[in-house]
Amino acid sequence: MTDTTKTTISIDDVRYVAQLSKIAVTDEEAAKLQGELNAILGYAQQLDQLDTTGIEPTYQVTGLTNVDREDELIDYSVDQQALLSNAPHVQDNQIKVPKVL
Amino acid sequence: MSKTIAELAADLDAGRVTAVQLVKEALTALKQSQDEYNIVIELTEDRALERARAIDADRAVGTKPGKPGRLSGIPFVAKDNFLAFGAHTTAASNILRPFMAPYQSTAIERLEAEGAILVAKVNLDSFGHGASTENSDFGPTKNSADTERVAGGSSGGSAVAVALGAVPFALGTDTGGSTRQPASFNGIIGHKPTYGSISRYGVVAMASSTDTIGTLARTIDDAALVFDCMAGKDERDSTTLLDRPASFLPADNPVGKKLKIGLVKEYMGKALADDVRQQVMKRVDDLRQLGHDVEEVSLPSLDLSLAIYYIVIPAEVSSNLARYDGVKYGLSAEQAKALDEVYGLSRDEGFNAENKRRILIGTYVLSSGYYDAYYRKAQTARTILINEFNKAFEQYDLLVGPVAPTTAFKLGENTDDPLKMYLADLMTVAPSLAGLPATSVPSGTGEHDLPVGLQLIGKQRDDALLFAVAKQLEGTK
């Protein structure tokens, strides 16, 4: 995936972005998504008509930058047990996952 | 509960009604409407009644120092993407179905500090992904005027609860129209504030550069009061604005002059249904009757706003939804044996088709080799759009147009084609991309007696002006 021009999304592209997104998709889902993603990105290609030379992108709209505060602890009053009780698997106050190694 | 907040507060003060009675009335109305409209995901009944009893007790003996809160004893509902005590927070998604909030959103904290009582968490398109509430994993909410039609979305449950009179106000969120459009579809007020006006701490994130907290109510005074209770800096959300005016209430900010108003030409094009156009033009007449100047203004890049939105927002969605991994909280696939399977299978099982579409598009436009062509291009086009708004606001005090191209559509009408559903957002996404305040104001009905909304769009931080003009319009209906 090094081509920088816009191309139609292939079924392999769908599988690749699904893998990047950590979503297991079935073959049937991938085929349906291929059509839908192409339609949506095809619609977005009307932006190509816009001349954006020399214009900077906008990521933050109200102009706030470097919002800082005193380096003091804020009490979030969040209870450890309340947090852990949401985890699917807990052991000895730790969140448990399947063996990785 | 057809009364306004001020009327209910007067009843409470005079002892004609108690907070417990109001809460019970709201709970009963929500329960009775559930089969027909499917508004509620979960009631917060126990906590609501407990709070109501405490508020009544304080009022009875006058033990609480100072004046009662401005919303003391007033019941409300919140979209189920607000973290709140007393119920699950699901964002209407299977992946969050088991999640109990360990803390509360700032918005709800501030309303509770004024004495308001949350009675239910209500339906939405899961994670806010949609314009009809049909993408909810809890089934669609039905329109308050016609149960064969959509509630609008994504804050569909909030809008229908208020429109049916179950509660005087509701919280929603608005990322690209999700408060304004359902308000319009149900004939109530929906305010999307200036970006950063109200803290998003404790609200399930969708697209962080445009997510805002929406207020839905039946009268503009109620909407402005609720907004006034929530707005202001919060150390827990670094995007909140550093300062705010002393008051946002129309009574404190009357329209003192003849305004110059621009009717947005691009929003009045061929995509607009005739019945909606007719009601919008009636409102333009109302504005002229009120003494304001209204003339057409063109912002050519608006035609591209939906294309910008459906690149930028999925990109942010894909980042924000990366946290749902089946490990820390939420659904975890039982059959997963390895860690990678926990991620992949939990996310496949927990996310619905629209969630997946947005995550995959977002991942694609951010991926190596496509970032510049899609994401950077869209964010640059966003600058051009913002520049056009700024230029328009040099000449005009505010802009007006429709909220949506049509009135509420039929259930199932747009579900087969995602792109067709996206077109419902055509007129609401641009103010979101520019961080502008925008309000949906009830504006009569179109064909089949379905509600129509007028959209007021202001400069950043001009929320009070929008409330004031909406108040003037309220007087003309």
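I will talk about the contact between chains A and B, then about one pair of helices within that contact, and finally about one asparagine of chain B. Please keep in mind throughout that this is a predicted model.

Let me begin with the contact as a whole, to which chain A gives 51 residues and chain B gives 61 residues. On the side of chain A that touches chain B, helix 1 (11-20), helix 2 (27-44) and helix 3 (80-84) each supply at least two residues, and the largest share, 8 residues, comes from helix 2 of chain A. Sorted by class, that side of chain A has 34 nonpolar, 10 polar and 7 charged residues.

Now to the helix pair. Helix 2 of chain A packs with helix 9 of chain B, residues 305-320, at an angle of about 130°, and the two axes are 8 Å apart; the two helices are therefore oblique to each other, and their crossing is left-handed. From helix 2 of chain A, the residues A:Ile40, A:Tyr43 and A:Ala44 meet B:Ala307, B:Tyr310 and B:Ile311 of helix 9 of chain B, and the residues of this contact divide into 6 nonpolar, no polar and no charged.

Lastly, I turn to B:Asn81, which is found in the loop between strand 2 (75-79) and helix 4 (106-113) of chain B. Is B:Asn81 buried or exposed? B:Asn81 counts as buried, because it has 30 C-beta neighbours inside 10 Å, where 20 or more are required. Leaving aside residues up to four places away in sequence, B:Asn81 touches B:Ala91, B:Leu124, B:Gly128, B:Thr173, B:Val203 and B:Val204, while its C-alpha atom is separated by 10.0 Å from that of B:Leu96, 15 residues apart along the chain.

Methods
Residues numbered from 1 in each chain as written. Chains lettered and ligands numbered in written order. Predicted model: local features only at pLDDT ≥ 70, side-chain atom pairs only at ≥ 80, totals over all residues. Contact = placed C-beta atoms within 7 Å. Helix = DSSP H or I, 4+ residues; strand = E, 2+ residues; numbered from the N terminus. Nonpolar A, V, L, I, M, F, W, Y, C, P; charged D, E, K, R; others polar. Buried ≥ 20, exposed ≤ 12 C-beta atoms within 10 Å, placed from the backbone. Axes fitted to C-alpha atoms, helices over the stretch in contact; angles between N-to-C directions. Parallel < 35°, antiparallel > 145°, perpendicular 65-115°, else oblique. Left-handed = near helix turned anticlockwise from the far one by under 90°.
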